[in-house]
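Subject: The structure, and what turned up in it

Hello,

Here is the structure I promised to pass on.

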Amino acid sequence: MSYKRTVFFSVFLFSFFFIQESFAQLKFLIEDFEGCAEGYSDSDNRLNGFFAYGNVKASVVLQHSSPDYIGQRFLQLNKGTSAVFGGWGKAVGSYVELALQTDYLNFFFQSKVNTIPVKIQIQEDDNGNGTFDKEFDDVWEFTDLIKSGTTDLPWTLESLALSAFTDNNPGGDGVFNVSYKQGKLLCLIFSFKDNSNHKEEIPVNCFIDFICFSKGKLPTGNPVVGLPDFSVNAHCSLGIWSKEGVTADFIDIANSFEKSFKNKSDKRLAVVHFFLPLAVDGSTSLNNFPEPSGINKIIKRGYLPMITLEDYFVNVRPRVKQPNLYSIVEGHFDSFFKQWAHEIKKVNGLVLLRLLHEFNGDWYPWCISKNNNDPELLAKAFRHIHTIFTEQQVNNVKYIWCPNSISFPQESWNFIMDAYPGDEYVDFVGLDIYNGAGQEMPVWRSFRKEGIENYFILTEKLPHKPLLVCEVASRERQKKEPAGSQSKAEWIEQMSIALQTDMSNVKLISWFNEKESFRINSSVESRDAYIKFILNNEYFKSGTGFIEALLK
């Protein structure tokens with residue numbers, strides 16, 4: 001995802017529109033500021049796509065209290081110069097599935113001034129070049145007065161129907177078309193302006209937070225920043241992946257994890273997750289098959305095994321040619337899959353099997369980006385493997401189709417639903433959500449910001465398929481990162497909040513308990529947060545009972 005687009009998106013919100021929706025759901029989080037350090041200005045946060053101009057100065061403020069729905073960090077906007085105009089913006093540069101008739105733009109606002117004139121513009125990418133061009137791209141605009149809160153309830157939620165925006169630029173096609181198939185959302189800007197009747201309308205201090213799109217008005221709690229209600233029937237089971245699975249010590253995955261929390265919680269895992277590549281000995285021989293006796297031990301101990309079948313060779317020389325989707329579809333590995341199916345049939349119980357995961361990334365040989373940018377080829381390969389298992393009369397497997405939380409690269413051909421194999425081939429849909437995977441020190445994102453976009457797409461398009469977060473983890477902050485940044489412990493706490501509210505259709509979270517920074521006990525604070533907000537929270541269920549109900 002690029003944050004260097006020189007584009008502009010202006011936003012104004014006013015709770016004048018009262019369109020009632022039968023369903024309301026957060027669908028895309030533009031910014032919650034949880035990845036920013038306290039005191040950071042717009043110039044410090046250019047990697048996050050922030051910018052300010054004119055008489056507006058922007059900085060991030062930390063609220064030193066327990067987080068509510070919108071978190072602990074928010075943006076402070078100050079009047080900085082004698083100029084009569086100014087604003088703040090966020091470059092987005094992403095494909096977002098927005099619907100003009102049902103969707104809202106939302107943000108939380110606080111100011112000492114009762115009303116503030118603001119202009120909001122949404123600039124879209126009609127010509128598909130990734131940069132705003134006035135001659136070719138639409139600008140959707142809304143202008144009105146924002147009302148502030150009261151002393152007792154300082155935050156207000158502004159929700160603006162996208163249908164209230166009008167096209168205010170002669171360029172573009174005059175049609176609101178922000179989606180994977182029609183064009184990117186480029187940028188967002190809040191624009192403020194003085195006039196002769198409102199000399200002080202640009203406040204000395206105002207605050208903004210949780211800028212987002214939703215289907216229907218954003219659900220809120222009481223007070224407005226409190227946690228929205230969730231279904232009393234909602235729940236989430238727990239799983240784990242760890243290095244013990246690499247050496248086929250499958251039962252030790254659960255044993256070592258649960259023992260580390262023995263004196264703090266008696267909650268049991270539901271799922272034991274491990275990977276099985278084609279080979280791990282440095283060769284290109286197809287020799288890494290499931291070992292039924294080890295898997296049976298997992299089931300006998302009351303856990304549900306989840307296996308990720310990785311279609312590549314591990315520990316080989318860099319120049320060794322890896323399998324791709326073409327080689328799978330053309331049948332080059334059929335004999336291997338048949339033997340794999342033969343072995344898994346020997347397991348005395350049900351197995352969750354994940355095929356071709358994170359296909360919308362750019363790091364595996366089966367990713368769409370490495371296979372001629374063809375999502376249908378991914379769907380064909382998934383169906384091909386599934387068909388082989390069916391022909392081998394494998395009846396003890398449930399199949400998981402699992403994209404990554406964010407598509408890399410952000411291209412129109414990398415829309416996850418274009419790679420869906422079909423309902424008859426998929427039993428569960430999955431999602432992998434990481435904060436801090438990849439680069440040496442990547443951009444920090446909250447669990448909700450990282451995961452909500454594809455969560456919405458999956459639950460909207462496939463509501464009949466249970467959703468599992470098959471891999472989740474966050475890195476620790478590095479010493480060179482500034483004080484006042486969100487910690488891993490805070491990230492875990494907000495993950496718990498998100499799973500109970502906006503993402504309550506998630507039925508399993510399986511922590512990726514490997515790599516020093518990702519491990520749940522990478523710090524005392526992170527371990528304690530997992531105990532307090534996950535293990536000691538009744539929303540997260542013990543054992544396999546709740547997830548097994550989904551298997552029937």
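In strand E10, aspartate 167 is the bridge partner of tryptophan 140. Please keep in mind throughout that this is a predicted model. The link between E8 and strand E10 (residues 166-167) consists of 2 bridges, and these strands run antiparallel. E8 (residues 139-147) also pairs with strand E7 (residues 115-124), again in the antiparallel sense, over 9 bridges. If you want a place to start on that pairing, go to proline 117, whose bridge partner in E8 is leucine 145.

Next, the charged pairs. How many salt bridges does the structure hold? The count is 15. One of them joins lysine 215 to glutamate 460, with 3.1 Å between the closest N and O atoms. Lysine 215 belongs to strand E12 (residues 205-215) and glutamate 460 to helix H6 (residues 447-461), so this pair ties together parts that lie 245 residues apart in sequence. Glutamate 460 is partly exposed, its relative accessible area being 32%.

Another salt bridge is formed by the side chains of arginine 354 and aspartate 432, at 2.9 Å from N to O. Here the partners sit in two strands, arginine 354 in E16 (residues 351-355) and aspartate 432 in E18 (residues 428-435), so parts 78 residues apart in sequence are tied together. Are these two residues buried or exposed? Arginine 354 is buried, at 0% relative accessibility, and aspartate 432 is buried at 0% as well.

There is also a network of salt bridges, which links Glu34, Arg73 and Glu490.

Glutamate 481 deserves a paragraph of its own. You will find glutamate 481 in the loop between strand E19 (467-474) and H7. Its salt-bridge partner is arginine 475, and the closest N and O atoms of the two are 2.8 Å apart. Both arginine 475 and glutamate 481 are buried; for glutamate 481 the relative accessible area is 12%, and the cut-off for buried is under 20%. The side chain of glutamate 481 also makes a polar contact with the side chain of arginine 477, at 2.5 Å.

Glutamine 101 and lysine 215 are 114 residues apart in sequence, while their C-alpha atoms are 9.4 Å apart in space. Glutamine 101 is located in the loop between strand E5 (85-94) and strand E6 (103-111). With a relative accessible area of 59%, glutamine 101 is exposed.

Tyrosine 420 is another loop residue, placed between strand E17 (397-401) and E18. At 13% relative accessibility, tyrosine 420 counts as buried. What does tyrosine 420 contact, leaving aside its neighbours within four places in sequence? Those residues are Ala379, Arg383, Trp401, Val426, Leu462 and Lys465. The side chain of tyrosine 420 also has a polar contact with the side chain of aspartate 423, at 2.6 Å. Phenylalanine 382 is 38 residues away from tyrosine 420 in sequence, and the C-alpha atoms of the two are 8.9 Å apart.

The largest nonpolar core has 115 residues, and the members that touch the most others are Ile344, Trp401, Met495 and Ile509. Helix H5 (residues 375-391) gives this core its largest share, 7 residues.

Helix H8 (residues 524-535) has several buried residues: Ser526, Ala529, Tyr530, Ile531, Phe533, Ile534 and Leu535. The elements that cover the buried residues of H8 include strand E13 (237-242), helix H1 (250-259), helix H7 (488-500) and strand E20 (506-513).

Last, the cysteines. How many disulfides are there? The count comes to 0 disulfides. Cysteine 36 is buried, with a relative accessible area of 1%, and cysteine 367 is buried too, at 0%.

Happy browsing, and best wishes

Note on methods. Residues numbered from 1 in each chain as written. Predicted model: local features only at pLDDT ≥ 70, side-chain atom pairs only at ≥ 80, totals over all residues. Heavy atoms only, no water. Salt bridge = Lys/Arg side-chain N within 4 Å of Asp/Glu carboxyl O. Helix = DSSP H or I, 4+ residues; strand = E, 2+ residues; numbered from the N terminus. Buried < 20%, exposed > 50% of the residue type's maximum accessible area, 1.4 Å probe, protein only. Disulfide = S-S within 2.5 Å. Pairing = 2+ DSSP bridges. Contact = heavy atoms within 4.5 Å. Polar contact = N/O pair within 3.5 Å; in protein donor to acceptor, adjacent residues only side chain to side chain. Core = buried A, V, L, I, M, F, W, Y, C linked by side-chain atoms within 4.5 Å.
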